[in-house]
2 protein chains.
Amino acid sequence: MTEELKLKTEQLAELQKKLYAFNYASSSIYLDGATVAPRDTEEGRGEALGILSEYTYELATSKETIELLDYLKEHKDELTPHQAREVELLLRDNDYMKNIPQDEYVAYQKILSKADYVWHRAKEENDYESFKPVLKDIFDYNIRFAKYYKPDEEPYNTQLNMFERGLTMDQCDKFFATLREHIVPLIKKIGEVPQVDDSPLYGDFPIEKQKELTKYLMNYMGIDPHHCVCGETEHPFTLEFTKDDVRITTHYFENNVASSMYSVIHEGGHALYELGGADEHKYTVVAGGVSMGIHESQSRFFENIIGRSEAFTGAILPKFKEMFPEQFADITPRRFYEMINKAQPSLIRTEADELTYALHVMVRYEIEKKMFAGELTVDDIPAEWNKLYKEYLGVDVPNDREGCLQDSHWSGGSIGYFPSYAIGSAYGAQMLAKMREDVDVEAVCASGTLKPISDWLSERIYQYASMYDPKELFEKVCGAPFDPTYYTDYLEKKYSDIYNL
Amino acid sequence: MTEELKLKTEQLAELQKKLYAFNYASSSIYLDGATVAPRDTEEGRGEALGILSEYTYELATSKETIELLDYLKEHKDELTPHQAREVELLLRDNDYMKNIPQDEYVAYQKILSKADYVWHRAKEENDYESFKPVLKDIFDYNIRFAKYYKPDEEPYNTQLNMFERGLTMDQCDKFFATLREHIVPLIKKIGEVPQVDDSPLYGDFPIEKQKELTKYLMNYMGIDPHHCVCGETEHPFTLEFTKDDVRITTHYFENNVASSMYSVIHEGGHALYELGGADEHKYTVVAGGVSMGIHESQSRFFENIIGRSEAFTGAILPKFKEMFPEQFADITPRRFYEMINKAQPSLIRTEADELTYALHVMVRYEIEKKMFAGELTVDDIPAEWNKLYKEYLGVDVPNDREGCLQDSHWSGGSIGYFPSYAIGSAYGAQMLAKMREDVDVEAVCASGTLKPISDWLSERIYQYASMYDPKELFEKVCGAPFDPTYYTDYLEKKYSDIYNL
């Protein structure tokens with residue numbers, strides 16, 4: 001390596017450390033705003049985030065950065081594979097950012113910092129109108145940015161790519177059609193047989209006890225409490241500062257024990273992915289999960305494939321009996337498993353069972369697609385939402401709070417994210433089949449710790465962080481291309497058994 | 001105003017907004033680290049804080065900043081008084097920072113970000129040795145920085161000035177001598193009469209109930225919960241993001257109800273000062289309290305002069321009887337007042353009664369002074385601490401946890417801060433005398449809200465934030481120079497009454 005190249009690679013490391021620091025700062029401010037900050041404090045937070053984002057923009061798009069990355073790209077054969085990947089990922093960011101005028105970028109960051117707060121209030125007060133102008137801005141900016149980035153591409157394809165590289169509307173349309181083909185008849189059949197009584201899950205579950213359950217579950221999952229803790233927010237999320245510092249959040253409902261429980265397991269799955277990154281990625285852009293599809297494959301793998309399996313629910317039932325004897329003393333393992341997996345069209349995505357879940361995702365996908373195509377405006381969203389819920393799930397949405405205001409994604413600027421949930425779920429089913437070649441999954445679930453499962457995933461997925469693009473990583477793990485029939489088979493088998501179809 | 005000057009004042013505003021954003025980010029990261037962050041996460045936090053501090057340093061000391069400030073200083077007659085003050089304060093910072101080599105400044109910031117964690121652990125494990133190297137670095141850097149800044153001044157005088165502009169060792173020595181003259185005989189007399197039984201304050205006080213008490217007290221003080229909330233930390237503190245976003249913290253002890261209660265009132269006093277700043281200071285360096293002496297005058301005014309007054313303790317006793325009937329059902333207002341004010345030499349500064357408190361401060365002052373004079377090294381601190389506690393307070397320090405490891409100040413780099421507590425307490429006594437000319441303090445205490453008191457302070461102190469130096473502000477408020485006999489008279493009168501001396 002020449003002296004010049006050595007200097008440039010040092011500059012590369014420095015650039016990434018700076019990006020890390022600004023990212024850290026913004027995350028910290030965001031986390032505070034979502035958890036403990038007093039209610040009327042968004043102005044000062046927005047000002048700070050706006051200014052910090054100017055620095056991030058400048059770092060990512062400055063002449064020096066572009067020159068540095070171009071130089072390194074030309075010398076990519078002399079770089080380590082890690083450095084080459086750093087350059088590749090930075091150039092991708094750069095390609096996106098450099099086409100956005102700085103004032104628009106900063107204005108958008110300010111809107112985002114306000115949007116979370118506006119959305120919270122709007123949801124609390126079931127007041128879509130108060131959220132509408134902000135939501136319009138967020139959609140408008142995203143559409144505009146997507147067009148700046150790839151003027152010749154359908155902007156929603158560009159948008160999907162930000163969360164799952166390579167994903168297109170075409171693929172989504174086909175994937176969702178396959179799911180619908182299998183899920184809709186299953187739901188119909190389930191509707192015709194006797195229903196599971198899951199009322200014991202809806203009783204009186206003191207928050208303090210639920211917090212104890214959170215600790216129990218995180219421990220069962222093998223999450224190190226010295227590197228990951230759980231907070232409380234309106235909408236659960238995972239946030240990573242480094243591979244040594246990951247935060248998850250949940251929302252406790254006093255009358256519903258399963259809600260927080262499965263939020264914790266879901267976010268815990270995200271957390272394990274982040275906690276499992278190799279040390280070499282630290283303070284570089286390679287740190288962190290590679291795509292939302294892969295991320296959701298991990299979270300939904302733990303939430304559903306493991307967390308809602310007969311082996312796992314059976315293993316944790318004694319803890320439930322100990323903590324909540326009034327509700328669970330007489331519940332058999334089979335009954336507990338059935339309650340946890342009760343399938344039933346409903347209103348709230350995060351509370352949906354594993355079977356109907358993908359239909360909730362499809363509603364959002366259709367709306368985003370139409371918004372990006374200009375076929376819908378923010379004025380139309382509530383009616384469109386309610387229409388699609390009726391059409392896909394057969395339910396009437398009584399208000400926007402339980403309708404189009406339920407999710408935090410749009411207010412966070414995450415448009416194009418939702419399909420990742422469904423695709424991730426399907427990735428997970430194929431990974432399970434592969435995992436079974438090496439791991440006795442049921443025995444692990446019953447063993448008191450899920451560590452052998454996360455070890456398997458760590459070796460094949462976690463440690464690589466963002467070294468490989470999602471498609472490449474998936475195929476490395478599964479030894480085959482993505483095939484959604486693993487998922488539809490899994491669902492058919494599981495629900496036919498539960499409902500004796 | 002010329003076009004050029006107009007441009008420069010715009011640059012002045014921009015510079016301050018940037019400093020605000022970096023300060024916001026560091027505060028957010030610090031707050032997270034002190035409250036909810038998992039245990040083993042200091043490395044990533046330190047990296048981020050180190051990089052952010054490079055930017056702060058650069059902003060404060062760059063050639064452009066110096067040229068800008070010099071230009072504006074030359075045109076100070078054409079500036080608004082606010083702008084002139086902004087320039088004055090920025091130049092002071094600049095004078096301090098520009099003499100510190102950037103690498104030393106950044107290295108020091110990294111040490112600080114680690115020190116909080118190291119101190120926490122050391123305190124938990126009563127292990128001074130593990131804290132010693134970090135403490136040595138912190139003292140060494142502070143001494144060096146003070147010498148860089150004012151090579152011809154005694155470095156500890158320079159250090160005192162950072163927390164209370166104008167304060168010198170000479171003044172402190174005289175002030176503390178006066179206090180000792182009055183306090184020591186009082187303590188002796190109190191030791192000779194029957195003691196107050198304050199055992200009802202040490203019972204079983206569930207944390208959840210204490211949290212309710214926190215809300216009650218913050219409400220009583222007139223603190224707006226939409227702009228200020230209370231968290232939990234090892235050592236209570238106040239942190240301000242803006243005048244609209246202030247955080248306080250407390251430490252709950254299940255077996256001691258007064259500890260958190262008076263932390264909340266103390267930090268609440270700091271918070272009121274910050275919350276009361278005028279809007280015009282926002283995002284400028286004039287925002288925030290002017291000195292630690294004035295700040296502590298506000299916190300200790302609420303904690304002691306109001307919070308431990310017979311009028312206030314009498315007013316809140318019914319709430320105690322309602323919340324903790326087992327302990328307080330039979331307690332008379334007079335008895336409650338006496339319990340709250342029990343004077344007794346003790347080990348822990350933050351738990352000390354109002355009378356012996358200043359002696360705790362003097363121990364720290366003497367040690368800092370000797371460390372800065374090179375008469376003491378970090379090896380000597382525990383023995384010196386224990387010797388001085390024996391000498392000043394007559395108590396034997398059983399371990400470093402309850403000795404020289406008890407405070408967070410040194411690990412936070414706040415050397416020279418402690419005298420502010422005693423001076424602030426004395427400021428407060430003189431302010432009380434002035435306040436009585438306008439306000440019936442006892443009637444307000446009994447009225448269910450302290451708002452008339454904070455309104456009086458707001459008009460005279462809070463709104464100005466850092467517009468005036470502490471001495472000027474104090475004399476504006478009191479119409480006379482600082483006179484410590486207000487404080488000694490106040491203490492003699494209060495304790496003679498309580499103990500029938």
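Predicted model: local features only at pLDDT ≥ 70, side-chain atom pairs only at ≥ 80, totals over all residues.
Residues are numbered from 1 along each chain as written, and chains are lettered from A in the order written. Local features need pLDDT of at least 70, side-chain atom pairs count only at pLDDT 80 or more, totals for chains, interfaces and linings use all residues, and side-chain values use heavy atoms, without hydrogens and water.

**Exercise 1.** Describe the contact between chain A and chain B.

*Solution.* 
- Start with the residues: 40 come from chain A and 40 from chain B (contact: heavy atoms within 4.5 Å).
- Next, take the area. About 3,100 Å² is buried, and carbon and sulfur atoms give 59% of this (accessible area, 1.4 Å probe, that two parts lose on being put together, summed over both).
- Pro38(A), Tyr55(A) and His226(A) supply 17% of the area that chain A buries against chain B, more than any other three residues.
- Now count salt bridges between the chains: six (a side-chain nitrogen of Lys or Arg within 4 Å of a carboxyl oxygen of Asp or Glu).
- Lys282(A) and Glu43(B) form a salt bridge at 3.0 Å, N to O.

**Exercise 2.** In which order do the three strands of the open sheet in chain B stand, and which stand at the edges?

*Solution.* 
- The order is E1-E3-E2, with mixed pairing (strands: DSSP E runs of at least two residues, numbered from the N terminus; a pair needs at least two bridges).
- E1 (228-232) and E2 (238-242) of chain B are the edge strands; each has a single partner, so one side of each lacks a neighbour in the sheet.
- Look at one pair: E1(B) and E3 (245-250) of chain B run parallel, joined by five bridges.
- Within this pair, Cys230(B) sits opposite Ile248(B).

Notes: Helix = DSSP H or I, 4+ residues; strand = E, 2+ residues; numbered from the N terminus.
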